[in-house]
Amino acid sequence: MRVNEKYSTLPAEDRSVHIINICAIEDLGYQPSEGTLLNSLSVNPDAKCKYGLYFRDGKRKVDYVLVYHHKRGSGSRTLARRVLQNDAALGARSVRQDQPLPGKGSPGGEGRQEPPMDFYEDDKRFRREEYEGNLLEAGLELERDEETKIHGVGFVKIHAPWNVLCREAEFLKLKMPTKKMYHINETRGLLKKINSVLQKITDPIQPRVAEHRAQTMKRLSYPFSREKQHLFDLSDKDSFFDSKTRSTIVYEILKRTTCTKAKYSMGQGEGRKKDSALLSKRRKCGKYGITSLLANGVYSAAYPLHDGEYEGEDVEFNDRKLLYEEWASYGVFYKYQPIDLVRKYFGEKIGLYFAWLGVYTQMLIPASIVGVIVFLYGCATVNENIPSMEMCDQSHNITMCPLCDKTCSYWKMSSACATARASHLFDNPATVFFSVFMALWAATFMEHWKRKQMRLNYRWDLTGFEEEEEAVKDHPRAEYEARVLEKSLRKESKNKEKHRNTPEDSTNKWKQRVKTAMAGVKLTDKVKLTWRDRFPAYFTNLMSIVFMIAVTFAIVLGVIIYRISTAAALAMNSSPSVRSNIRVTVTATAVIINLVVIILLDEVYGCVARWLTKIEVPKTEKSFEERLIFKAFLLKFVNSYTPIFYVAFFKGRFVGRPGDYVYIFRSFRMEECAPGGCLMELCIQLSIIMLGKQLIQNNLFEIGIPKMKKFIRYLRLKRQSPADHDEHMKRKQRYEADFTLEPFGGLTPEYMEMIIQFGFVTLFVASFPLAPLFALLNNIIEIRLDAKKFVTELRRPVAVRAKDIGIWYNILRGIGKLAVIINAFVISFTSDFIPRLVYLYMYSENGTMHGFVNHTLSSFNVSDFQDGTAPNDPLDLGYEVHICRYKDYREPPWSEHKYDISKDFWAVLAARLAFVIVFQNLVMFMSDFVDWVIPDIPKDISQQIHKEKVLMVELFMREEQGKQQLLDTWMERGPKKGESCGNHSPQAGPDGPENHGGAL
């Protein structure tokens, strides 16, 4: 067996990094550059490999990194030379390794004892060796580095050579730019002038990146094919596949590379006797590699590298640095996002998220302007509002019934003057217009996003991309494979038990032997998890979700009891100022309690939703993500909006009347709305919860938690020995620096907070017209905050192709439809808009709103109080009260049917229901009309897509015609020279296909 001279070993003192060589390469038919696991040597390795971005030879780029933990003994840093024989299933191949894997001594018997290590670590090492050997067979090139600045952590750097990139690009049907370029159709006439003017106006707010400039030429893209490489521009092979594409290709190989054997799972060693659970853990490696290996701790992390540092004077310019300067900096908050560069660096899925967030933020600008105008209209007309003026007029001398039993006394309506005036700011005729406007705004936003999405699909060459193509590489999850394998083994053991108890003839024995021989990896091919297997998980999901929703309702009920009891306690206070501000104090403190509970439960519900999804064991990552999103959204939606729903639709609806109130637990009287209605309280509730969630949960947590984690890492570093501290402070390799970053946890939390915010903006916008403005201000910060997190604090995610935002679009549409219904009910039942219209057109004597307040109040004889409910101090106002007023439509005490619901109530209720039906159907129709009028695909994009298809057909037609001409020419010239059919003389070379192919 010969050692390849190219990777021969050197003395230990001449190397800074130690080599792992591949032996007998020629015997196996491998090219030396295609499958080599090595640690290259260099005098100044860090400079030559650009601090970890390249292999030690400085030529091959690191496309992916695998990280594992290993244990070192006292002599682990001493070099030992050994030969590792791989399993026979991997082929007759031997590996020369200059640095032994942790815990392995020299097989040559050099007298060095290997440090003691538990069998589980030994088994994980065997699995890594097998898996990395399989990666070599797949054509990848690997390089190991265990002498890192992070103690006990080893890195395997992966490079995909050109032939592997081409093979996988063809398999994944990646669209790559061809040599063919064509002009993009430009607008003409007036539209061209308008676009040029807009371009000049917006030029200062455009990011200074090449990808964001308007392009007049575009390369024709086509799915990569090795047979048609002449169609593509391969002049620079190093940049033909960018870093995003290279890492995606390597990740696909890592996912499908199998890992089927390990030391103890094959029955070797004493470790199997020590731990019977090891075999089942080993088998969790499953049918697909990297996800299972990460889940079982064989590898601790796997990630692509960032392009380099993002700040510093001597930093080489790269896409990461450009993104940091033009996108992730708060100083560029006023600029457009460089979406194309974001897509180039992070992939289409993340690019679509930030594009959607940008479109949503832009669309909030007109909504904010209209909301501010509506609010200013309320401010301008507050002194002209007759109902609030009547409530503030002390000459009316309206005495109201007590707000609670015993401790509360009678009170003057004029004391609620401030609340009535503030209610008009949000409860005025302009609010109805704003609700209609926001419903149409939501429909327009969805249509605008669909058009923007199509433009991005065309620009990013995703027009022919379908989800079915993703199914090719959508491998089962590790947990699913483990469950299927467990089911298969259980089924197999039952069959064995059955056959042991049943005598078998020779034919059955032969069949059983065949089945046993075909077991192994193929054991799980025909076994799937059915609904029977998942029924316990489904039942647990249902019960848990119902329980979580019940917990939310119980907390809301607890806050209601707090409000009632606190109001009764404050009413006993001797201070007049405290008693006069009871309603504001109780409302503000209750909302703050709700906010704290919502923030805490949001975190709990997120963990519960993930756990419930895990026990369901979805088959694919896409199915896992969709189920997780549905559960998390359902729980967080209920958690965030239940207190708001209570104030909007339930508070003050079921209080009863004086003398016959409704009680909770026979002790707490249901609370009432203020004389001006519950809309003002709804506004306070909505604003505090919305602003609190945005400020604390979305921004403070996202900024504070990463800073706290960095501080904890710094404290841990200071506790290390001084030598380790000094070593850590040196400049790390790129893969070491990226390992210390936070792993990417998916886009679900980012989408979730924006979807909840979208609900605040649309669902109850009738009560809070300033919601779009606060959402806009939050999103301006949110975009840069998320950008900075992706660029500086997270490991680089694996790029994922996607042509839309997935299930989130359906959730947005559902919220938009629900918003129409909720706003209809808020205007109709929560505000006084409908009662005012009914009074104006049915009961007003002079066609004005004078007398409206008196019309909405009913009378009550204080002698009809139930025993023990009358005020303890009936003379608190300085005079004896015989008749008090309360807000309701009921018959007076002197009527024949006293305290019964009056006809006015039914007239107002009929008007409210009619308004809900008309408003809902009218706005729905207008929204659908907007949806129908605005085409999903812009006309120019549709034309460009059609043009691309025509150009592609023409390109292939010319190629076929050229081939046919070559064939005809060859057939015609062959008989003239009198050559036999089988004779291919060298003289025919200049006229052969190669010569004509060049002309083509």
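Contact here means heavy atoms within 4.5 Å. This is a predicted model, where local features need pLDDT of at least 70 and side-chain atom pairs count only at pLDDT 80 or more, while totals for chains, interfaces and linings use all residues. Residues are numbered from 1 along each chain as its sequence is written, and side-chain values use heavy atoms, with hydrogens and water left out.

**The chain overall**

- You're looking at a protein chain with 34 helices and 17 strands; helices (H or I, at least four residues) and strands (E, at least two) are DSSP runs, numbered from the N terminus.
- Of the 1000 residues in the protein chain, 49% are buried, where buried means under 20% relative accessible area, exposed over 50% and partly exposed in between (1.4 Å probe, protein chains only).
- Take the contacts in the protein chain with a separation of 6 or more: 79% of them come from residues 24 or more positions apart.

- An open sheet is built from four strands in the order 5-6-2-9, with antiparallel pairing; two strands pair if DSSP finds at least two bridges between them.
- Strand 5 (141-145) and strand 9 sit at the edges with a single partner strand each, so one side of each has no neighbour in the sheet.
- From one strand to the next, the twist averages 15 degrees.
- Strand 2 (residues 64-69) and strand 6 (residues 153-159) pair antiparallel over six bridges; Tyr-64 has Ile-158 of strand 6 as its bridge partner, and His-69 has Val-153 of strand 6.
- Strand 2 also pairs with strand 9, again in the antiparallel sense, over three bridges, with Val-65 opposite Tyr-303 of strand 9.
- Five bridges link strand 5 to strand 6 in the antiparallel sense, and Asp-145 stands opposite Phe-155 in strand 6.

**What covers the strands**

- Helix 3 (residues 119-137) lies across strands 2, 5 and 6, at about 165 degrees to strand 2; axes are lines fitted to C-alpha atoms, for helices over the stretch in contact, and angles run from 0 to 180 degrees between N-to-C directions.
- Helix 7 (residues 243-256) lies across strand 2 and strand 6, running at about 50 degrees to strand 2.
- Strand 2 is mostly covered, with five of its six residues buried.
- Strand 5 has five of its five residues buried, so it is largely enclosed by the rest of the structure.
- On strand 5, Glu-141, Glu-143 and Asp-145 are buried on one face, and Leu-142 and Arg-144 are buried on the other.

**A buried aspartate**

- Asp-307 is in the loop between strand 9 (301-303) and helix 11 (319-326), and it's buried, with a relative accessible area of 16%.
- The side chains of Asp-307 and Arg-796 make a polar contact of 3.0 Å (a pair of N or O atoms within 3.5 Å; within protein, one must be able to donate a hydrogen and the other to accept it, and residues adjacent in sequence count only if both atoms are side-chain atoms).
- Leaving aside neighbours within four places in sequence, Asp-307 has contacts that include Leu-53, Ser-243, Tyr-345 and Arg-796.

**A helix pair**

- The axes of helix 27 (residues 748-762) and helix 28 (residues 771-793) come within 11 Å and cross at roughly 170 degrees.
- Helix 27 and helix 28 are therefore roughly antiparallel to each other (the term is used for angles over 145 degrees).
- Residues making the contact include Met-754 and Phe-760 of helix 27, and Ala-775 and Lys-789 of helix 28.

Key:
Angles under 35 degrees count as roughly parallel, over 145 as roughly antiparallel, 65 to 115 as roughly perpendicular and the rest as oblique.
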